[in-house]
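Here are my notes on this model, as numbered points. Please read them with the structure open beside you.

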Amino acid sequence: MALNSYYADLHIHIGRTEAGEAVKISAANNLTFFGIAKEASQRKGMDIVGIIDCHSPGVQRDMLRYLDTGGMEELAGGGIRYHQSTVLLGCELEVRDPGMRPAHLIAYLPGIEDMRSFTDWLRRHMKNVQLSSQRLYVPARELQQEVIGRGGILVPAHIFTPHKSVYGSSCERMSELLDLDGIAAVELGLSADSEMAGWISELDRYTFLTNSDAHSLPKIGREYNKLRLAEPTFAELRRALNGEDGRKVLANYGLNPRLGKYHRTYCAACESILDEQGATVVERCLYCGSTKIVRGVMDRILSISDRERPFVPESRPPYVYQVPLEFIPGLGPKLLAALLERFGTEMDLLHRTSYEELAEAAGERIAGYLLAARQGTLELQTGGGGKYGKVGR
């Protein structure tokens, strides 16, 4: 079977069901199961999307309705097909083992019946199975066994973010929380890249994923992966994460870590970002003396590193700094809509449309920004403390 390239964003939240039931409180109301599938297929050009609130009974009712009416199709290899996109079924959960702080993990399962069975198990161990990213009152390794036993895969989410991640808050080594042999891949998160992860040796063996963690439709695809698969299904994703028979992750497209909102340590009192100061562990602000410090991803990594310098295996796919279209100065909603009308999807603009075509349609200034974004040469202002970085003008 021939292998082809596919773009995949595997971490997207649902805000509400189509009946108006809340799922992810902090996510937009138009992030419904159908709304995500439509946005991915028609506007984003994303071949595969992972919706990570599919454990919710209300979401499952929406899925079943579209399958029953023929608007969507469940695939033999796992996943649900809508026009040009495949939806993979995921579930983000919060675990907190004794002596540790919270961490978020994502379970992906092949089909809707697998997910419904998983929901039956979850409702015995959490307070509200309808909502997203809820606390699960079982050890992380027990969750891991349940996922693998149901034919699923487990991926630690945004592993370095200061709040609710494996390295950012829970522990210094993933082996303290999980069975390393039962992890399919790790998700880097918006404030880290492959080189930063290379400071920690236990990550050498794993495939890296870069996903959006989208809480609104425009955020879908702000980070994504390029995969080589025979077809866009759950079974093929599993093979790609294992590097089997030519299936693999070809590239990770992500924010330059400086654009991430938790990249460097931040003072909540004076709102200073303690960037490039040479101090990786600070207890007080270097500017105002406050102790209201939010530890940045880079600083946290350096504090728990077990290496003198980062190591990136030769087999590691390239990490491509992809600046989302919403970060491009001067590229407002009306102009973006006009470009999409002319050239197709966001993936077309980011990967396939020439500079000359962009300059003709949007002007040389916007085309120059887009070309610089592709080449990773945009001037960036560092993010931190919950505020995104910015593209310099």
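1. A word on the source. This is a predicted model, in which local features need pLDDT of at least 70, side-chain atom pairs count only at pLDDT 80 or more, and totals for chains, interfaces and linings use all residues. Residues are numbered from 1 along each chain as its sequence is written, and side-chain values use heavy atoms, with hydrogens and water left out.

2. The protein holds 12 helices and 16 strands. Both are DSSP runs, numbered from the N terminus: helices are H or I with at least four residues, strands are E with at least two. The radius of gyration is 20 Å, close to the 21 Å that the globule rule gives for 393 residues, so the protein is as compact as a globular protein of that length. That radius is taken over C-alpha atoms, and the rule is 2.2 Å times the number of residues to the power 0.38. Along its principal axes the C-alpha trace spans about 60 × 60 × 45 Å.

3. How much of the protein is buried? Of its 393 residues, 59% count as such. Buried means under 20% relative accessible area, exposed over 50%, and partly exposed in between (1.4 Å probe, protein chains only). The accessible surface comes to about 16,000 Å², and 46% of it belongs to carbon and sulfur atoms. These areas come from the Shrake-Rupley method with a 1.4 Å probe; for residues, only the protein chains shown count as cover.

4. Look at strand E7, residues 153-156. Ile-153 and Val-155 point one way, Leu-154 and Pro-156 the other way, and all are buried. Strand E6 (residues 103-109) runs antiparallel to E7, joined by 4 bridges. Two strands pair if DSSP finds at least two bridges between them. Across this pairing, Leu-105 stands opposite Pro-156 in E7.

5. Next, check Ser-133. It is not a glycine, yet its phi is positive, about 55 degrees. Ser-133 lies in the loop between helix H3 (112-122) and helix H4 (140-149). Its relative accessible area is 9%, so Ser-133 is buried.

6. Asp-213 also deserves a look. Its phi is near 50 degrees, a positive value in a residue other than glycine. Asp-213 sits in the loop between strand E9 (208-209) and strand E10 (224-229). With a relative accessible area of 19%, Asp-213 is buried.
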